[in-house]
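Biologist: I would like to go through this structure with you slowly, asking at each step what a label rests on. Could we begin once the structure is in view?

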Amino acid sequence: QLQDLTYLAKSLGLDSVGLGYLQTTFGVLQLVGGPVFGRFADQFGARAALILSCASGSAFFLLTSISTSIPLLFLSRLPAVFMHGLPGAQKLITDLTTPSQRTDALGKLGLCFGIGIIIGSALGGVLSTKFGLTVSCFLPLTCINRVLINRSSSVGTSQSGNMFSIREILRLMKFPGVMEVFIVKVFAGLPVGLFLIMFSIISMDFFGLEAVESGYLMSYFGVLQMVVQGLVTGKLTNHCTERTLLRLSVFIFAGVGLGMALMRTVWHYCIVAVPMVFAFGTLGTVTDSILTKAVPSSDTGTMLGICASVQPLTQTVGPTIGGVLYKQFGVSSFGYLQLIVNIGLFVYLLKSKIPLREMKSQ
């Protein structure tokens with residue numbers, strides 16, 4: 001999608017700076033919309049939230065496909081504020097599973113979304129080539145119809161209140177352990193997130209890869225992510241508590257930082273990517289599970305919406321911070337920052353008494 005957007009933006013006369021503004025606009029909208037979308041899911045149910053997400057996605061791609069000017073291209077980003085398919089599906093999972101099954105179920109959900117992204121990207125490319133971008137934008141409409149046909153009694157459980165209330169959203173941070181776990185979730189993978197945002201430039205300048213080779217590398221990364229989230233994380237929850245998995249993912253992230261600081265070739269990166277993907281997948285799944293169990297069941301959607309804002313936050317500040325790190329200190333700076341941050345977090349997790357429900361999947 002990013003490559004197609006870049007091509008469309010350049011064809012409309014948008015330079016690299018303008019493209020950065022366009023991506024930042026998308027990130028800010030996702031950042032703001034995540035918690036609001038979560039509140040909507042709590043008040044009206046997971047199914048209504050999924051319908052809203054599909055409708056927003058349809059509007060997003062439809063407006064993109066008919067964008068004939070730069071202002072219209074920026075306008076096409078607006079529906080992204082409610083385009084949150086993954087948090088909507090996670091809300092449904094939390095409603096249908098017991099707390100002991102949640103981590104495993106959320107991991108398998110990541111596997112399903114990974115498969116969908118790979119197949120969808122290939123199918124979208126074929127449709128765009130043969131029939132044009134306009135045809136491919138109607139695929140999300142099929143999702144809406146499918147959800148509407150299979151209507152169920154999925155309803156909201158949250159107490160009535162202003163869906164846009166910042167106070168109600170921030171109230172969840174006061175529950176025991178929530179703020180501590182959320183801080184770990186945000187900062188543990190932040191340096192690697194900055195590296196991945198800059199990866200398109202790093203792959204060309206540092207690794208010397210062509211566009212096709214870079215695409216293969218990202219596909220390798222995606223397959224690793226599916227395997228880890230769908231198979232490895234679920235197995236580990238049968239033998240380890242969430243506290244142990246949280247500490248393990250942070251510790252491995254520290255090792256990933258050292259590997260990133262020392263890597264010199266793309267083959268080094270392929271090796272480092274294995275523990276990196278494991279730490280990313282395990283940290284994301286485990287923290288989502290912990291945070292949804294730390295708040296009342298009527299607020300799990302809002303909590304997932306807050307969690308979904310972590311990636312857009314990285315996408316918003318990433319180009320600026322990542323650009324400075326790369327230009328001033330080189331690729332190794334991402335690794336050293338990752339190492340230092342996660343050593344600090346690991347020591348914090350060892351010494352702190354974060355109240356967690358110690359349970360394994362049954």
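Modeller: Gladly, and please keep in mind that this is a predicted model.

Biologist: Why is F61 called partly exposed?

Modeller: F61 has a relative accessible area of 31%, and since buried means under 20% and exposed means over 50%, F61 is placed in between, as partly exposed.

Biologist: What makes F60 count as buried?

Modeller: The relative accessibility of F60 is 1%, and because the limit for buried is under 20%, F60 counts as buried.

Biologist: How many aromatic pairs does a search of the whole structure find?

Modeller: The search finds 12 aromatic pairs. One of them joins F60 and F61, with 5.1 Å from centre to centre and 90 degrees between the planes; centres within 6.5 Å make a pair and planes over 60 degrees apart count as edge-to-face, so F60 and F61 form an edge-to-face pair.

Biologist: What makes F195 and F334 an aromatic pair, and of which kind?

Modeller: Their centres are 5.9 Å apart, with 70 degrees between the planes, and because the limits are within 6.5 Å for a pair and over 60 degrees for edge-to-face, F195 and F334 are also described as edge-to-face.

Biologist: How do you know that the pair of F195 and F334 links distant parts of the chain?

Modeller: F195 belongs to helix α11 (residues 190-197) and F334 to helix α18 (residues 332-351), which places the two 139 residues apart. Both count as buried, because F195 has 0% relative accessibility and F334 has 0% as well, where the limit is under 20%. Ring pairs also link F195 and F334 with F199, F206, F207 and Y269 into a cluster.

Biologist: Which residues have the most contacts inside the largest nonpolar core?

Modeller: They are F195, M260, Y269, M303 and F334, within a core of 53 residues. Helix α15 (residues 266-294) supplies the largest share of this core, 13 residues.

Biologist: Which residues does F334 touch, leaving aside those up to four places away in sequence?

Modeller: F334 touches P191, L194, F195, M198, I202, M260, G322, L325 and Y326. The buried residues of α18 are S333, F334, G335, Q338, N342, L345 and L349, and what covers them includes α10 (178-188), α11, α12 (199-205), α14 (242-262) and α17 (310-329).

Biologist: How many helices and strands does the protein have, and what share of its residues is buried?

Modeller: The secondary structure comes to 18 helices and 0 strands, and buried residues make up 48% of the 362 residues. Of the contacts between residues at least 6 apart in sequence, 83% join residues at least 24 apart.

Conventions
Residues are numbered from 1 along each chain as its sequence is written. This is a predicted model: local features need pLDDT of at least 70, side-chain atom pairs count only at pLDDT 80 or more; totals for chains, interfaces and linings use all residues. Side-chain values use heavy atoms; hydrogens and water are left out. Rings of Phe, Tyr and Trp (its six-membered ring) pair if their centres lie within 6.5 Å; planes under 30 degrees apart count as stacked, over 60 as edge-to-face and the rest as tilted. Buried means under 20% relative accessible area, exposed over 50%, partly exposed in between (1.4 Å probe, protein chains only). Helices (H or I, at least four residues) and strands (E, at least two) are DSSP runs, numbered from the N terminus. A nonpolar core is a set of buried Ala, Val, Leu, Ile, Met, Phe, Trp, Tyr and Cys residues joined through side-chain atoms within 4.5 Å. Contact means heavy atoms within 4.5 Å.
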